[in-house]
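Take a look at the fold below.

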Amino acid sequence: MPKMSKNLMLLALAVSLVIGVVLVVGGCNSNGTETSEGTGAIAGTQIIESLTPQEAFTLIQDNLGNPAFVILDVRTPLEFADGHIENSILRDYYSTTFRDRLDSLDKNREYLIYCQTGMRSGRALAIMEELSFLEVYNMLGGIDAWQEAALPIKQHVVTHEEDIIELAD
């Protein structure tokens, strides 16, 4: 009887080990971030991905009228005024309050972020991942790649210095 009991315990231990490995390996991507397939994040998982400008445009089109979808421009107010994706909101990456302003956003919404070339938005993506945002997409190549793909931008006509200050708020 003791030998059978020992074999049963070893079998249970082996099965538990296999299940544990499957859960750990199957629930993470190559950088260790939990991911979820599909269109929305499942509670407790994050979707942190990079998209081409064309994929970003499709994402925007698929979310027209969706109040839970936010386009976030992390460039400076002057860069934003020079041209931005329609309906995007500005959060200046170089602002001393940038991280706090990100942290104040609703983490359960879906975000598309971009900058001029993809560098700042890539860093912002990492910050948003640290802050536990559930679904964030970074546009590769920034607004430069967007314009190169001949996708639409909106100009903001700056007529006074106050307009620039207003954009920064």
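Begin with Ser-132, which follows α5 and has a positive phi, near 70 degrees. Keep in mind that this is a predicted model.

Which residues of α5 are buried? They are Arg-120, Ser-121, Ala-124, Leu-125, Ile-127 and Met-128. These residues cover an arc of only 165 degrees around the axis, so they sit on the same side of α5. An α-helix has 3.6 residues a turn, so residues three or four places apart point the same way. Turn to the face away from the buried side, and you find the exposed residues Met-119 and Glu-130.

What does the buried side pack against? Its partners are the strands β1 (47-51), β2, β4 and β5 (135-139), along with the helices α3 (77-82) and α4.

Next comes the interior. In soluble globular proteins, nonpolar side chains tend to be buried together. Here the largest nonpolar core has 18 residues. Leu-102, Met-128 and Val-136 have the most contacts inside this core. α5 gives the most, with four.

Look closely at Val-136. Leaving aside neighbours within four places in sequence, Val-136 is in contact with Ile-47, Ile-48, Glu-49, Tyr-111, Ile-113, Leu-125 and Met-128.

There is also a second, separate core, of 15 residues. Leu-51, Phe-69, Tyr-114 and Trp-146 are among them.

Methods:
Residues numbered from 1 in each chain as written. Predicted model: local features only at pLDDT ≥ 70, side-chain atom pairs only at ≥ 80, totals over all residues. Heavy atoms only, no water. Core = buried A, V, L, I, M, F, W, Y, C linked by side-chain atoms within 4.5 Å. Buried < 20%, exposed > 50% of the residue type's maximum accessible area, 1.4 Å probe, protein only. Helix = DSSP H or I, 4+ residues; strand = E, 2+ residues; numbered from the N terminus. Contact = heavy atoms within 4.5 Å. Arc of directions from axis to C-beta.
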